[in-house]
Amino acid sequence: MKQSKYAVGLLLCLLSFFSCSVPDIREYKDTGVSPDLFPDYIDVTVPCNIAPLNFRLQQPGTREVLWLEGKGRALKISSSDGKFSIPPHQWKNLLEANKGGTIKLTVFSKEGESWKRYNPFSIHISADPVDPYLVYRLIEPGYELWDKMGIYQRDLENYDESAVYENKMTGYNCVNCHSFCMQNPGEMMFHMRGQDGGTMLVKNGETEKLNTKTDSTISALVYPCWHPSGRFIAFSVNKIEQVFYLNNRNRIEVFDSESDVVVYDTDEHEIFTSPLLSDKKMLETFPGFSPDGKTLYFCSAKTFPVPVKSDSVKYSLCSVPFFPGTRTFGEKVDTVFNAEVTGKSASFPRISPDGRFLLFTVCGYGSFPIWHKEADLYMLDLKTKKYIDMSKVNSPDVDSYHSWSSNSRWIVFSSRRTDGLYTRPYIAHIGENGEAGKAFMLPQKDPSFYDAFMKSYNIPELVKGEVKTDPYCIAGRAKSPGVSVKFR
Amino acid sequence: MEYLSHFLVQFFIVPYLGAAIETIALLFIFIISSKLFLRQEKSKLFFIAPATVFLSCLFTCFNFNIFFQGLLSFLLCIYCLHIFISAKDSLLRNIFVFVTVPLLYWLAGPVSVLFAVCFFLNELFTGENKKRIGWLFLPVFACLVSWLAVRLSFTGSFRAGFLPDMYYQTKLSPPFLIYIPWLLLLIWISVATFLPKFNFSGKKSYRAIGIGIQFLLLILFFWQGIVNFGDRASYEVKKLDYYARNCQWDRIITASEGKNMHNYLHINYLNLALAEKGCLLEKMFRFNQKGTSSLEVSRQRNNILSALMSDINFSIGDIASSQRYAFEGYETSSGGGSGRLLKRLVQTNLIYGEYAIAEKYIRILERTLLYRKWATSQRQFLYNDSLCRKDPLLGEKIKCLPPRDGREFTTGGPETLKVLTDINPANKTAQDYFFAYLLLSKDMKFFSDFFSQYEQKGMLPSQLSEPVQQALLMCYESQSGIWKEKGISEKTIGQYKAYKFLFMKCRNNPDKKEIMQKEFASTYWFYFQFINIEK
């Protein structure tokens with residue numbers, strides 16, 4: 001009796017072993033076409049420290065096999081539902097062995113008794129690592145209501161995600177506009193709205209709550225960008241409104257009726273500005289410091305009656321010298337991207353940490369490109385003053401909010417290319433001279449994860465390490481009165 | 001428990017199945033609490049203990065802001081209590097009791113604190129003298145687990161970590177009702193030991209008195225519970241919502257007949273039903289109307305109203321607003337989703353030709369049991385403009401859209417209704433709502449201006465509805481020569497004369513409103529003259 005039990009057990013073990021083993025494919029027919037994959041990882045360039053790029057074949061057969069071949073290593077993975085899950089350890093070894101090179105992937109699919117082979121494709125393994133963490137807000141791409149939202153961090157070397165802050169800690173209020181100083185996870189800020197509203201500033205291990213509305217500014221502080229020194233943060237102050245289209249691909253129009261740019265001094269708790277940044281006849285917004293801290297970039301547009309003429313509001317990208325020692329600005333504004341000449345509107349200027357490239361979003365008009373299907377990323381080489389070809393990065397749908405990795409070799413941006421509504425993070429390689437590689441979607445353990453995921457990835461920011469803030473302490477600080485900032 | 005409750009709630013759309021599921025859960029609560037409180041033979045007659053717990057749980061079912069998850073968690077809690085209290089005292093049992101606390105928190109939330117406190121109380125009154133105080137560590141341990149959950153941000157607040165607040169709509173403050181089952185459990189578990197001492201099972205007369213008193217107390221408890229927590233007001237709205245969801249418009253109209261409606265939501269459902277039946281203008285004043293909010297309650301940012309707002313806007317052809325309300329309702333639904341609203345989002349995205357996003361929603365619905373068939377039936381419309389246009393529902397709504405990528409905005413109210421009727425003059429629902437809005441607002445200049453505009457454009461029906469004729473008579477009262485030209489019938493003219501005659505006759509009578517109401521309650525004149533509206 002006991003022996004027969006062992007025999008059944010052994011048989012089951014053998015059956016399960018053979019059912020999971022990778023079939024040996026000797027005969028196959030070439031389809032002559034590339035496989036239809038989700039996410040599309042064909043010919044993408046990925047960092048040498050990225051988590052496995054699991055994907056699925058969109059039209060699976062009865063069985064699939066994936067061959068991964070690189071220098072000195074090869075991997076075979078089998079699938080019964082078209083989904084390929086690459087073992088993390090073997091993937092890591094494959095990347096390590098092929099750093100700076102290419103791995104070849106071949107997908108086989110079984111239909112009936114015969115196998116077919118799709119055209120092999122490559123994944124380029126860059127020797128440049130990407131910052132290990134990506135921070136984003138998860139929120140429904142909605143209108144005015146929300147329920148649960150939060151700021152989360154994802155370990156890019158695996159699939160671990162954890163909360164930096166969730167709004168359940170403070171009565172399901174709105175949390176937004178997280179920003180880091182030079183990709184430093186220890187220096188960050190974000191806003192909270194609602195009952196315990198304020199700006200939460202995390203610096204030197206301390207969390208501070210700021211009440212940022214002053215009598216001299218048109219609103220509380222809104223869109224941020226840190227000065228590389230960590231002492232200053234440039235903000236816009238905006239009166240933001242939105243309207244809903246009856247039948248427009250862009251669904252919503254969000255616009256500013258007033259806006260200025262100010263700089264906040266974290267040491268003195270003071271806000272200051274310049275007439276060049278707060279002209280009542282102009283709309284100034286989206287500040288961004290250069291990595292040397294000597295130039296402040298911002299977007300500026302003439303005012304028009306909104307929403308009727310909101311399609312006439314086009315933002316130029318400008319810059320003004322900034323003198324941190326004296327907390328003053330230069331007297332001349334340079335125009336980097338001229339809206340009147342191009343007929344387009346610029347937003348979110350972000351300079352690569354090495355100071356070489358200026359990355360910004362361009363759309364037809366207005367200041368809210370995430371609701372503009374035509375929005376694309378533009379990149380200007382500040383050394384040659386020439387625009388870089390970003391066709392491998394952009395898509396026919398929205399490509400918007402972006403940030404740099406600390407080594408200036410990677411950008412992350414949000415794109416609605418998958419379904420036209422839910423923004424997903426895409427990462428693209430930028431070569432030393434600006435050559436942009438094909439962008440790839442943030443990989444997930446389950447390649448079908450995005451199908452049912454009903455939140456958008458908002459404001460993706462790369463950071464050099466794990467954000468170690470304590471949500472409980474932040475919530476406690478949020479409930480305190482906070483420090484009221486002054487306008488100088 | 002959260003997942004289980006969400007799974008079960010999907011069946012509530014099937015008539016009586018939701019009630020059956022809740023009844024089963026409540027019966028289990030009654031049975032288990034009976035076993036818990038009435039463990040000894042002498043206490044068996046104290047049925048009031050489990051019955052009050054049962055009734056208090058029943059009352060929580062009437063409040064739609066209390067999650068079904070709360071009821072299931074409570075059931076799990078008393079089940080665990082029953083298992084451990086009835087188990088023989090042993091080291092293994094005691095270890096498992098402690099293991100159950102974090103497990104229960106993980107599965108069901110703060111009922112773990114209730115479990116621990118109840119177990120301690122039971123041991124305090126029934127356990128061995130040496131051990132009883134030692135069990136104080138159990139509630140302390142449960143509190144520590146809950147505190148840690150809050151401290152480590154798994155749970156958002158201390159109220160949600162320790163109290164049944166976790167089972168209530170996140171942004172609202174829970175009513176006292178939600179605490180009653182917990183309090184009753186704590187009370188009855190404390191006194192359960194002493195119940196056998198009140199032995200009234202000996203003499204028959206004592207027994208009858210004891211049972212009688214319990215029955216009386218239960219009737220009182222039930223009556224008070226129904227009065228205070230029965231939520232009769234929302235019952236009507238829930239019923240109408242069900243009819244609207246299933247397009248049973250006649251039933252809404254029938255349910256409204258002869259009723260003096262004060263609830264704007266009720267009037268909204270009624271007017272939607274009348275519009276869907278194509279007789280809004282014709283019949284609306286047969287029911288009591290109260291200003292423009294009778295058509296659509298003000299555009300509040302309230303997720304509870306999302307489905308209704310989405311339905312009304314879908315009906316009039318404002319697909320953008322319908323989509324917006326459906327989306328906001330979906331994202332703020334308790335449990336993070338609603339099959340009904342997702343169905344609407346599939347439709348609005350098909351109407352807009354946003355097939356990729358429609359496909360995403362179809363894929364999600366196909367994972368459900370009850371929406372799968374419908375979702376699969378919508379696949380045929382994906383990436384097929386001509387089929388969408390041919391479909392009676394989608395095609396009709398597509399005709400309501402302005403040209404793609406235009407800059408028309410939806411602001412709600414008469415401006416959008418006018419835009420919709422200008423876009424598609426055949427959109428009778430939008431036109432009826434527009435004129436209904438003009439009539440309900442009592443702004444006669446506004447009304448006559450737009451009537452003239454529509455008249456010039458030839459957008460009016462050959463036979464004007466009675467309330468419109470009545471309003472026209474008011475506008476052109478002094479120009480009897482053009483009455484017929486404006487489309488006012490002899491019947492309306494005669495009726496107006498009768499109205500005026502009666503009004504002149506009783507104008508000094510303090511009861512003139514009631515007198516006029518008897519004869520002319522369903523006329524626009526009566527509405528205009530006697531119904532006060534908020535401007």
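Helix 24 of chain B crosses helix 25 of chain B in the left-handed sense. The structure is a predicted model. The axes of helix 24 (residues 428–441) and helix 25 (residues 444–456) of chain B come within 8 Å, and their crossing angle is roughly 150°. Because angles over 145 degrees count as roughly antiparallel, helix 24 of chain B is described as roughly antiparallel to helix 25 of chain B. On the side of helix 24 of chain B, the contact is formed by B:Leu438, B:Leu439 and B:Ser441. Helix 25 of chain B contributes B:Phe446, B:Phe447 and B:Phe450. By class, the residues of this contact between helix 24 and helix 25 of chain B comprise five nonpolar, one polar and no charged.

The crossing of helix 3 of chain B over helix 4 of chain B is left-handed. In this pair, B:Cys57, B:Thr60 and B:Cys61 of helix 3 of chain B meet B:Gly70, B:Leu71 and B:Phe74 of helix 4 of chain B.

At the domain level, chain B is assigned domain 1 (2–230), domain 2 (236–398) and domain 3 (459–530). A distance of 34 Å separates the C-alpha centres of domain 2 and domain 3 of chain B. The contact between these domains involves six residues of domain 2 of chain B and eight residues of domain 3 of chain B. On the side of domain 2 of chain B that touches domain 3 of chain B, three residues are nonpolar, one is polar and two are charged.

In chain A, an open sheet of four strands has the order 13-12-11-35, and its pairing is antiparallel. Strand 13 and strand 35 (456–463) of chain A are the edge strands, each pairing on one side only. Neighbouring strands of this sheet are turned against each other by 25° on average, direction ignored. Within the sheet, strand 12 (residues 150–155) of chain A pairs with strand 13 of chain A in the antiparallel sense over five bridges. A:Tyr152 has A:Ala163, in strand 13 of chain A, as its bridge partner.

The contact between the chains takes 28 residues from chain A and 29 residues from chain B. On the side of chain A that touches chain B, two or more residues are given by each of strand 13 (161–166), strand 19 (232–245), helix 4 (449–452) and helix 5 (471–478) of chain A. Of these elements, strand 19 of chain A gives the most, with three residues. The side of chain A that touches chain B has 15 nonpolar, four polar and nine charged residues. Strand pairing also extends from one chain to the other: strand 19 of chain A and strand 1 (residues 409–410) of chain B pair in the antiparallel sense over two bridges. In this pairing, A:Phe244 stands opposite B:Thr410 of strand 1 of chain B.

Notes:
Residues are numbered from 1 along each chain as its sequence is written. Chains are lettered from A and ligands numbered from 1 in the order in which they are written. This is a predicted model: local features need pLDDT of at least 70, side-chain atom pairs count only at pLDDT 80 or more; totals for chains, interfaces and linings use all residues. Domain bounds come from an automatic or database domain assignment. Two residues are in contact if their C-beta atoms, placed from the backbone, lie within 7 Å. Ala, Val, Leu, Ile, Met, Phe, Trp, Tyr, Cys and Pro count as nonpolar, Asp, Glu, Lys and Arg as charged, and the others, Gly among them, as polar. Two strands pair if DSSP finds at least two bridges between them. Axes are lines fitted to C-alpha atoms, for helices over the stretch in contact, and angles run from 0 to 180 degrees between N-to-C directions. Angles under 35 degrees count as roughly parallel, over 145 as roughly antiparallel, 65 to 115 as roughly perpendicular and the rest as oblique. A crossing is left-handed if the near helix is turned anticlockwise from the far one by less than a right angle, and right-handed if clockwise.
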